[in-house]
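User: Hi! I have a structure with its sequence here and would enjoy going through it together, one question at a time.

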2 protein chains.
Amino acid sequence: MTTTPGDRPDLPTVPDAELLRLDHQVCFSLHAASRAFGGFYRQALKDLGLTYSQYLVMLVLWEHGPQPVKAIGERLYLDSGTLSPLLKRLEAAGLVRRERSREDERSVLIEPTGEGADLRDRALAVPRSVLAATGLSVEEVLGLQDVLRRLTTALGETADAA
Amino acid sequence: MTTTPGDRPDLPTVPDAELLRLDHQVCFSLHAASRAFGGFYRQALKDLGLTYSQYLVMLVLWEHGPQPVKAIGERLYLDSGTLSPLLKRLEAAGLVRRERSREDERSVLIEPTGEGADLRDRALAVPRSVLAATGLSVEEVLGLQDVLRRLTTALGETADAA
DNA sequence: CCCAATCAAGTTGTACACAACTTAGTTGTG
DNA sequence: CACAACTAAGTTGTGTACAACTTGATTGGG
């Protein structure tokens, strides 16, 4: 016990109840903020006919062009169990095409349709309203992202270790 | 590029692509961090037989005692659509009792069983390992929480407005 | 007193997320 | 060449989230 994360020699004597409360607040405030974001995006994306996760996939396609399911999954940290049905829904909505690769028959290439590509212009309104809605300064946003990325990396590594 | 974030008067001229990318990173890094946390908790809670959300409910019950579904929902920002099935699973696991209130027959009181109360001691190990796994200093954790809480509030308010 | 509005839970339907598994295609090595 | 190991998608099952709705209880205004 008495885990000392780095820079202070005197934080060991944190009582159980405090630790529990601190922990509760970290994981929970993150969870709550993520869901609040989800709620905002649900509104903002409603007339584009996209869910938040579908929007993330379209962002990847708009930014990096056609690519296999695997590559999309690596960018978004999602596996085929999540992406396969999601991509089928995007296909059913007429926004992407799914095409089995000739070079490697295991791979399926995802590419935006004309309609999917056109959607990008309308999607530009979304980030503007989101940025305004956060009420955060740009410095805070950048700082937040830095902490979150380190957190994601650290948690990912310990998960691998376990 | 005109990458002058924040404190200058000339930030309006942020090009579309930048805005889109910034936005992508905020919502996505939050989403990714939240899911990384989820993965870590999945491991840490496995031998307690709890999911992350069930753990949050138990935290509320351990900290504030027996209370109606409504109150739990207000603390965790969850509605009955999420809580009702979750609480049934906790009941089936023998960790809580659900009892219709006599004063107000609409309300259902949730209270930990003996087994549910006992689980608290074993759960104390979880926050220790989580705190260690984050790799963050206490200052960073507190700063993070502050930003996240303001973010949640701000996004919640604009959602109400819409 | 009565009934419309409100309220707490629960239900239904959709969409992630993810573990565990299956299927089919590819690759490296003996 | 053969075949085991690996890989990419997809499938299945469980568990959140959340909108929209239903049910039954409570309450406030006329």
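Predicted model: local features only at pLDDT ≥ 70, side-chain atom pairs only at ≥ 80, totals over all residues.

User: Which element gives the largest share of the side of chain A that touches chain B?

Analyst: Several helices of chain A give two or more residues to that side: H1 (16–45), H2 (52–64), H3 (69–76), H6 (125–134) and H7 (138–161). The largest share comes to 23 residues, and the helix that gives it is H1(A).

User: What is the make-up of the side of chain A that touches chain B, in nonpolar, polar and charged residues?

Analyst: Let's start with the contacts: 63 residues of chain A are in contact with 62 residues of chain B. On the side of chain A, the residues divide into 38 nonpolar, 11 polar and 14 charged.

User: How much area do chain A and chain B bury between them?

Analyst: The size of an interface is often given as the accessible area lost when the parts come together. Here 70% of the buried area is on carbon and sulfur atoms. The total for chain A and chain B is about 6,500 Å².

User: Which residue of chain B meets the side chain of Glu140(A) in a salt bridge?

Analyst: Between chain A and chain B the count is two salt bridges. In one of them, with 2.5 Å from N to O, the side chain of Glu140(A) meets that of Arg150(B).

User: How many residues of H1(B) are buried?

Analyst: Helix H1 of chain B covers residues 16–45, and its 30 residues reach 43 Å from the first C-alpha to the last, close to the 44 Å expected. This helix is largely enclosed by the rest of the structure, because the number of its 30 residues that are buried is 22.

User: Is Gln54(A) buried or exposed?

Analyst: Gln54(A) lies in helix H2 of chain A. Beyond its neighbours within four places in sequence, Gln54(A) is in contact with Gly49(A), Leu86(A), Arg89(A) and Leu90(A). Its relative accessibility is 9%, and the cut-off is under 20%, so Gln54(A) counts as buried.

User: And in what order do the elements of chain A run from the N terminus on?

Analyst: Chain A has seven helices and three strands. Of its 162 residues, 45% count as buried. From the N terminus on, the order is α-α-β-α-α-β-β-α-α-α.

Terms used. Residues numbered from 1 in each chain as written. Chains lettered and ligands numbered in written order. Heavy atoms only, no water. Contact = heavy atoms within 4.5 Å. Buried area = accessible area lost by both parts, 1.4 Å probe. Salt bridge = Lys/Arg side-chain N within 4 Å of Asp/Glu carboxyl O. Helix = DSSP H or I, 4+ residues; strand = E, 2+ residues; numbered from the N terminus. Nonpolar A, V, L, I, M, F, W, Y, C, P; charged D, E, K, R; others polar. Expected span 1.5 Å × (residues − 1). Buried < 20%, exposed > 50% of the residue type's maximum accessible area, 1.4 Å probe, protein only.
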